[in-house]
Structures are given as C-alpha cells and as structure tokens.
Amino acid sequence: MRNATKRIMLTLALNRTFVAASRSPVAFASRPSALGTRTSTRAVRNASGLQMVSAEVELLTGSAHDEIPPVKTGGSPLHTVMVHRNRQSAAFREGTPLIFGGSIASTFTEYSGDPQTDKTIPMGSVVAVVVSRDSPKGGGKKGGKRNARSRDEKGPPSAPHINFVSADTETGHREVINKSQLIGYGTFNPESMYRVRILCHETMHPGLAKEIRSLRKGAHKGSTPSEEDVNAKTLQLILERKLSDAIHTRIAMNLPLEGVTDTYRLCNGEGDGLSGLAIDILGGSTAIVMSSAAWCEIHKDIILSVLEKSLKEHPSYEGIDVDIVWRNTPSRLRQDGYELALKSKDDSVDDEGDTSVVATESSVKYLTYPYSDGQKTGFYADQRENRLMVAELCKNKRVLDLCCYNGGFALNAMIRGAATSAIGVDSSQDAVGAATANAELNGLSEKDVSFVKDDIAEFMKGAIEEKEEFDVIVLDPPKLAPSLSSLDKASRKYHALNRDAMNLINKIEGGLLLTCTCSAAMTQKDGGQYFLNVVNGAALSAKRRVTLLRVSGAAPCHTQSPASFPAGAYLTAALFHVGPADQ
C-alpha cells in the first residue's frame, strides 16, 4: 500500500468537445513517437480541486471527477435508432456490438420542449436501439444485407431522421418507438462506418436496461429533474456496470496477484462490452486509458469519473491512489470520423515523461514509462501466458528473442526457465535500453542475457554466416499486415523471417520456434490456417521439418466477445518443433 498525495495524471488529446465555461489554463506537450504521435496533458491538484494548466486551451475545473457535473439543459433530448428487422438485427439482439449505417431504418430525436432542426443525431449521443416488431416488407434477407453494404461503400445511408416533441401525439412517432423491440443502448456516430456502438444489450443486462428505460421514461414524462442530463446519467450507469464486470472477470483470473503479477489489461474494448475503450494497469499504481473511438473522447470526463470511483472500490487498491493516464490513437479516431486538434510547435515537454513505474508480471520486473510518449512508454500484457509457456521449455537452452521490445521472452527464459543464455534483438535503441535496464533490475548480468540494436533480418543473416545456432527462438515482429490489402507483401516478409529463424535452430538436435503475428488480417485469414501455411512454406524453403505443437493467442485478460469473435482476435503465437537438418 502506498500513501501518496492524491493526483491524477491525464494524457488528454485536444478535441472539439471542450466547452467554454469556468476555466483554468491547461498546458499540453507533444512528442514524436515510434508508436505514432500522441498528445499529453499535465494535470495537477491544487487546493480547489483538479487544475489543468495551458497557454492555448482552457478546461472546466472542479473536483476530480468525484461526481458527474449536472448539465442544466432544461431537459435532455432522447435519441432512438431503429434498425431494419432482418437477420442482422437478430445478431444485434444476440450481442453483436457494432451497427453499420446500412442496418439503420430511421433515427429519432424526441424533445420535451421546442424541437430542433438537426438532420441527424449528434456524434457521441447516447441512443436507444430498437427494431420494429413488424416483418420487413419486400426484399429477402440477402437483398437487405446487400443493399446495406452498397450504401456503406458509397457513403452515409439515407435513413431519415425525425425530430418530434413528446407532447405531440398526432405524429405517432412515440407510439412507433413504444411498439418496437428494445435491443439496447449505445452511442451514435454519423461520421463513422460504425453508426452505433452498443454498450448495453437488453438480453445480457436486463436489469441495467430496465433502469435506463425507467430513467428515459421519466424524462419523457417530465418527472426527471430538468437539471439532470439523462444521457450522461445513462452512460454513467453503463460504465459503472461494465467496469464492475471487468474487475470481477480479472479477479476470477487472479489478476492482480500480489507479489506475482500487478500488470494486466483491466478492460479490453468489445471483449468487456465497451467498444473503443481499453484500460491497462501498470505496477498496481497506474491506469492507462486507451481511446480509439469518438465517444470515448467526447465523454472522457464521465469515463475518468467512473474509472476513478471503480478503482477506489477495487479490493486490491484499497488505500492506493491510482494515477490515470489518458492516451488515444489518432489514426483510429480519424477512421471513426473524429479529428484531434493540431498541436503548436512550441509546446513544452512534460517533465514527468521520465518517471518510471515498476511493473511486475509472473515475478519478472520491468521499468515502464507511462507518462512518456516514446516507445518505452508502456507494456504489452498480451504475451504474458506465451512468455511463461516458452520459459518452461528453456532449461539449459540457448535462447534468441527477436523483436525483443523490453526483453520479456528473454528475461522469462532466464528467470523462470533457467536458460543458459539469452540474446535479445530489436531495431529500436529505446527498446534495447529498456530491456538492458530490465535485466539489471532483475539481477541478471550481461553474461546471462544481452540485448543488441539491429534489424532482425540483418542480424539473422550475420548469425547464419557465423554459423551460430540456438535451441529456442522467439520471433515476435510488429504488425506487418495492418489491412487485408497488405497481406501479400506481409506474407513474403513473414516467410523470409521464419525461414532465416529456422536456419538458426540447432541443426543436430533441432529446437523450438515460437513465431507470432499481431496482425488481425493474418490471424483471421482462413480461420488462422493462412499464417500456419506461411510458416510451413518457410520451413520448406529452409529445408527443415516442422511439427506444430500449439497455437495460442493473447492472454485471457484481453477478453473477447463471443458474439463478434473472431473479429477481436489479432494475435497468433504458434509453437513449432524444428527438426534436425538433414546432412
């Protein structure tokens, strides 16, 4: 337990949701990153609450997200999305979280007062998702699906948007909505291919859906206090339930486990019912929030409020003030129709960037830098189980860790597996420096484990010329196939890397190769068989016999939704035995 002055370090991206109100200045810092440009915000506590300081933009101050600030709007508009009744809507009812534009039949906004003339539901708005109880008129199921796809390809579908007043009973809009079947609640985005991200399915959370329905019904009847933002309250209820579920899921996995593992993924987007939101815990003291959807940026105050409250109530963090760092992925946000504000060239650098946090995974310690924007920033918890699995097979073996990042596989091989020696190779000096520091942190000398800055293809070429051999090789390259269009080119690269790795395996006794891809396009192609075929082709080129021992994915804390599987699968780790070379 640590006793520290309560503080929250927020890495916030500037965005267009900031509203002029009672303001304090905010200072932002931006640095280029090997993982993509990110923006950071420094937040510090003063006597009056959470204060953020800047020369460019000002934010609303107040208590540190202890409560959701009420929005006095004179009544919150209620938004509803009605989807076509077909096979796709059945999938939504069964848990599919993403609704494409072509699946939407119409949208509604209900006002308690004078209606507005908006042509669509605003980005980030909380919506109820319903489906008409009537059977579709005309056209088969296949035709409906085909039309939806063509509309998505050409641009936003032409689903009509209807504004109406609650008291107006002549139009019948409220009656149409009341007679429809509720699917759930989510957030709307008119600029994204994912028009709705469902965050609460009525079939999976009937009690929560009933509570939200009652809240919205009170707003419709005017019984809900006008100063309460019904949509914000709805999102708060959803986040509280989903984060509570996520916490209990990790507790069931023994995460965290005192003295063994304090670093893991607490929330994994769609796997935990919160599409676009991921949260990692580092060292049991820092929470890294990763936003990749517009709704997360728009509602970050609510997310931070609920997360802080949830961590305070977590049994493992009693008496610990967990720092919260906000990060985002600009490329993913652009795909979601959300553009972050550009940064000024003269922004200062956050002086907390070199502050380290010691993360422990499977009793191995790592230095992480959650407040920095460099490659050494974070930690990949998705390989936790695979690192342990390989370590158990490394006793008295010589190990090569290619694309070693912070040295995870090499360190586990030495500490957990009693390998005789290990070498890690990475093209990033930051990664090599971090891995070397981690070895020292764990009491390992350069005689035990060493790390080399080099392109892995060049390293392997040189090692083959020097006739070096290894008993266990781990090949874990970065994402080589970001999309299906790049799959062919990536396949050739995977082929060459695996071929050369096999040529470094002990030629007399053979050895083990754990080869990985973190490219979803590669992992999901042909149900995973495509990647195995690439490796098999590499074995044929290397003239080495291979036997597949096991195929695994990300650690279980990287949860997946069975309703959308394998869409969330991205990591494949295939363990092969490479037989002796024919002489």
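Which loop does S363 lie in? Select S363 and you land in the loop between β18 (357–361) and β19 (364–368); helices (H or I, at least four residues) and strands (E, at least two) are DSSP runs, numbered from the N terminus. This is a predicted model, where local features need pLDDT of at least 70 and side-chain atom pairs count only at pLDDT 80 or more, while totals for chains, interfaces and linings use all residues. Residues are numbered from 1 along each chain as its sequence is written, and side-chain values use heavy atoms, with hydrogens and water left out.

S363 is partly exposed, with a relative accessible area of 33% (buried means under 20%, exposed over 50%, partly exposed in between, with a 1.4 Å probe and protein chains only).

Next, pick Y405, in the loop between β20 (398–402) and α10 (408–415). Here too phi is positive, near 50°, but Y405 is buried, at a relative accessible area of 12%.

Now hop to L255 and P256, joined by a cis peptide bond with omega about -5°. P256 sits in the loop between α5 and β14 (264–268). For background, most residues other than glycine have a negative phi, and most peptide bonds are trans.

**A buried serine**

Select S192, in the loop between β12 (181–188) and β13 (194–201). S192 is buried, with a relative accessible area of 1%. Ignoring neighbours within four places in sequence, S192 is in contact (heavy atoms within 4.5 Å) with Q335 and D336. Show the side chains of S192 and D336 and you'll find a polar contact of 2.7 Å (N or O atoms within 3.5 Å, one able to donate a hydrogen and the other to accept it; residues adjacent in sequence count only if both atoms are side-chain atoms).

**A helix pair**

Finish with α5 (residues 230–252) and α7 (residues 300–313), which pack at about 40° with axes 9 Å apart. Axes are lines fitted to C-alpha atoms over the stretch in contact, and angles run from 0 to 180 degrees between N-to-C directions. So α5 and α7 are oblique to each other: angles under 35 degrees count as roughly parallel, over 145 as roughly antiparallel, 65 to 115 as roughly perpendicular and the rest as oblique. To see the contact, select A232, L235, Q236, L239, E240, L243 and I247 of α5 with I302, I303, V306, L307, K309 and S310 of α7.
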